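Look over the chain before reading on.

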Amino acid sequence: MLKIILFLLAGTIIVAATWLLAAIPGHVAASIGAFSIETSTPVAILMLVALVVALTLLIRVVRGVLAIPRTGAAWRRRHRRALGEKAVTRVLVALAAGEPGAARKEARRARDFLGDSPQTLLLVAEAGRLSGREDEAAEAFRALTAHKEAQFLGFRGLLRQAVDRQDWPEALVIANQAEAAHPGTLWLRQQRADLALQTENWAEALELIGPDPLRPTYYVAAANAEADPVRALSFAKQAWKQDPAFPPAVLAYASRLRTTGREKRAQACIAEAWQRAPHPDLSTFALAPQSDKLARAQAAKRLTVRNPTHPESRILLAQVALDAGLTGEARHQVESAQREGLNQRRLCLLLAEIEAQERGETEAGRLAQREALRRAASADPDPHWQCIKCHADNATWQPKCESCGSVGTVQWVSGVRTSGLPVIQAAQIAG
Ligand SMILES: [Zn+2]
């Protein structure tokens with residue numbers, strides 16, 4: 001309805017204008033060189049309007065022709081961009097589908113079409129990693145670090161590569177660069193903590209790692225690595241406070257107490273730990289100042305007084321009694337332990353020594369020794385330090401497995417085997 005009204009209105013205006021135009025009186029004459037024209041005023045006005053319209057159209061056509069090269073370049077740019085975006089989508093699909101060949105090919109196409117943008121560089125790097133072309137990935141990650149807003153992504157990729165090839169010094173340098181580029185990220189903090197553990201920088205690891213059941217292990221390692229005795233004592237005390245039943249922590253603290261002249265306090269820590277979780281390393285430390293064999297036997301009695309029937313107490317008491325020539329007491333402890341269910345090699349060997357001391361080179365003595373040694377061959381293995389990850393034996397406790405390099409995996413394990421695997425005899429077993 002509105003259109004009809006507008007149409008009628010426009011028609012009325014045109015008719016009125018034409019009528020007004022036709023009513024204008026007079027003539028117009030013009031001459032250019034030999035060419036002359038003479039017409040009425042309305043026709044002259046119409047010709048002028050037609051000329052203006054023709055000129056306007058001509059200018060538009062000329063401008064359009066002149067703009068052809070420019071619009072062609074823009075079209076080509078748009079076309080390349082569209083192809084590049086298609087290639088980006090294909091890379092993402094190939095990466096998600098785990099197709100390294102397609103991902104690498106499309107990533108190269110995306111880079112050709114779109115140039116070295118952070119997105120294309122990241123795709124090239126990830127496709128390179130998926131294809132096992134670490135050199136290509138590294139080149140793209142390095143190029144990424146040149147983009148200020150995306151340099152963290154570049155450092156992150158380079159750090160992952162350095163960690164994968166276990167190049168710890170290089171990884172540390174990159175981690176520091178990444179921290180400078182984008183400080184305070186949780187992921188980077190975890191990476192730096194892992195690096196600190198791998199490079200045995202225990203003090204830094206303790207600063208970076210939050211709550212962790214292995215903190216006592218890190219404190220012991222930090223104390224052992226620390227040159228400053230005051231800081232070493234502080235680390236050792238923290239280890240002991242956090243786990244007063246963990247023999248390495250107790251020994252780290254007690255040994256530093258001993259070196260600073262606080263022998264009584266050191267012995268108290270050991271006795272307390274023995275009550276919680278007896279361990280041969282504790283008794284070795286506690287009895288070390290005693291050289292007299294009877295004095296050692298008495299010191300062992302004092303150490304075990306609050307936990308006398310624990311297998312470790314019985315074995316310690318048997319050993320020191322045997323050393324002191326008290327074979328009756330030694331035999332009593334060994335046989336008690338056996339009655340209580342312990343069947344370890346060290347018990348059989350102790351019994352063989354007792355037989356040797358008591359009966360000497362007699363026929364009965366030789367028979368008894370032979371029987372004890374025969375039983376030793378089939379007895380359970382003795383407890384020892386072992387890595388729970390690679391199952392390699394470690395002669396002493398270490399914060400890091402000497403065989404596989406894992407941190408915090410060396411534990412005190414019993415030799416009793418069930419289902420073919422050693423059972424962890426927690427050093428923390430309460431007596
Ligand atoms: Zn290991």
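Helices, like strands, are DSSP runs numbered from the N terminus; a helix here has at least four residues. With that numbering, Asp 292 sits in the loop between α15 (280-287) and α16 (293-304).

**Confidence**

This is a predicted model. The mean pLDDT of the protein chain is 89. Of its residues, 95% reach 70 or more.

| Helix | Residues | Number of residues | First to last C-alpha | Expected span |
|---|---|---|---|---|
| α4 | 100-114 | 15 residues | 21 Å | 21 Å |
| α18 | 327-339 | 13 residues | 18 Å | 18 Å |
| α20 | 363-378 | 16 residues | 23 Å | 22 Å |

Start with α4. Its reach of 21 Å is close to the 21 Å expected at 1.5 Å a residue. The buried residues of α4 are Ala 103, Glu 106, Ala 107 and Ala 110. Seen down the axis of α4, these buried residues fall within an arc of 110°, so they line one face of the helix. The face of α4 turned away from the buried side carries exposed residues: Gly 101, Lys 105 and Asp 112. What covers the buried residues of α4? The cover includes α3 (68-97) and α5 (118-130). After α4 comes Gly 115, whose phi is positive, near 80°.

Move on to α18. Seven names make up this list: Thr 327, Ala 330, Arg 331, Gln 333, Val 334, Ser 336 and Ala 337 are buried in α18. Their cover includes α17 (311-323) and α19. Just after α18, Gly 341 takes a positive phi of about 105°.

Next is α20. Its span of 23 Å is close to the expected 22 Å. Which residues of α20 are buried? They are Gly 365, Ala 368, Gln 369, Ala 372 and Ala 376. These residues cover an arc of only 100° around the axis, which puts them on the same side of α20. The other side of α20 has the exposed residues Arg 370, Arg 374, Ala 377 and Ser 378. The buried residues of α20 pack against α19 (345-359).

**The zinc site**

Which residues coordinate the zinc ion? Four cysteines do, each through SG: Cys 387, Cys 390, Cys 401 and Cys 404. The distances are 2.2 to 2.3 Å. The angles among the 4 donor atoms are 104 to 115°, and the site is tetrahedral. Along the chain, the donors follow the spacing C-x2-C-x10-C-x2-C. Cys 390 lies in the loop between β3 (384-387) and β4 (393-394), and Cys 401 in the loop between β4 and β5 (410-418), so the pair ties together parts that are 11 residues apart in sequence.

Cys 401 counts as buried, at 4% relative accessibility. The cut-off matters here: buried means under 20% relative accessible area.

**Loops and backbone angles**

Most residues other than glycine have a negative phi.

His 391 is found in the loop between β3 and β4. Phi of His 391 is near 65°, a positive value in a residue other than glycine. His 391 is partly exposed, with a relative accessible area of 38%.

Glu 200 is found in the loop between α9 (186-198) and α10 (202-208). Phi of Glu 200 is near 60°, again positive in a residue other than glycine. Its relative accessibility is 43%, so Glu 200 counts as partly exposed.

Return last to Asp 292. At 46% relative accessibility, Asp 292 counts as partly exposed. How far apart are the C-alpha atoms of Asp 292 and Ala 324? They are separated by 8.6 Å, with the two residues 32 residues apart along the chain.

Definitions and conventions. Residues are numbered from 1 along each chain as its sequence is written. This is a predicted model: local features need pLDDT of at least 70, side-chain atom pairs count only at pLDDT 80 or more; totals for chains, interfaces and linings use all residues. Side-chain values use heavy atoms; hydrogens and water are left out. Helices (H or I, at least four residues) and strands (E, at least two) are DSSP runs, numbered from the N terminus. The expected span of a helix is 1.5 Å times one less than its number of residues. Buried means under 20% relative accessible area, exposed over 50%, partly exposed in between (1.4 Å probe, protein chains only). The arc is that of the directions from the helix axis to the C-beta atoms. Contact means heavy atoms within 4.5 Å. Donors are N, O and S atoms within 2.8 Å of the metal (3.2 Å for Na, K and Ca); water is not among the atoms, so sites may look incomplete. Four donors count as tetrahedral if all angles lie between 85 and 135 degrees; four count as square planar and six as octahedral if opposite donors are over 155 degrees apart and all others between 65 and 115; anything else is irregular. pLDDT is the predictor's confidence in each residue, from 0 to 100.
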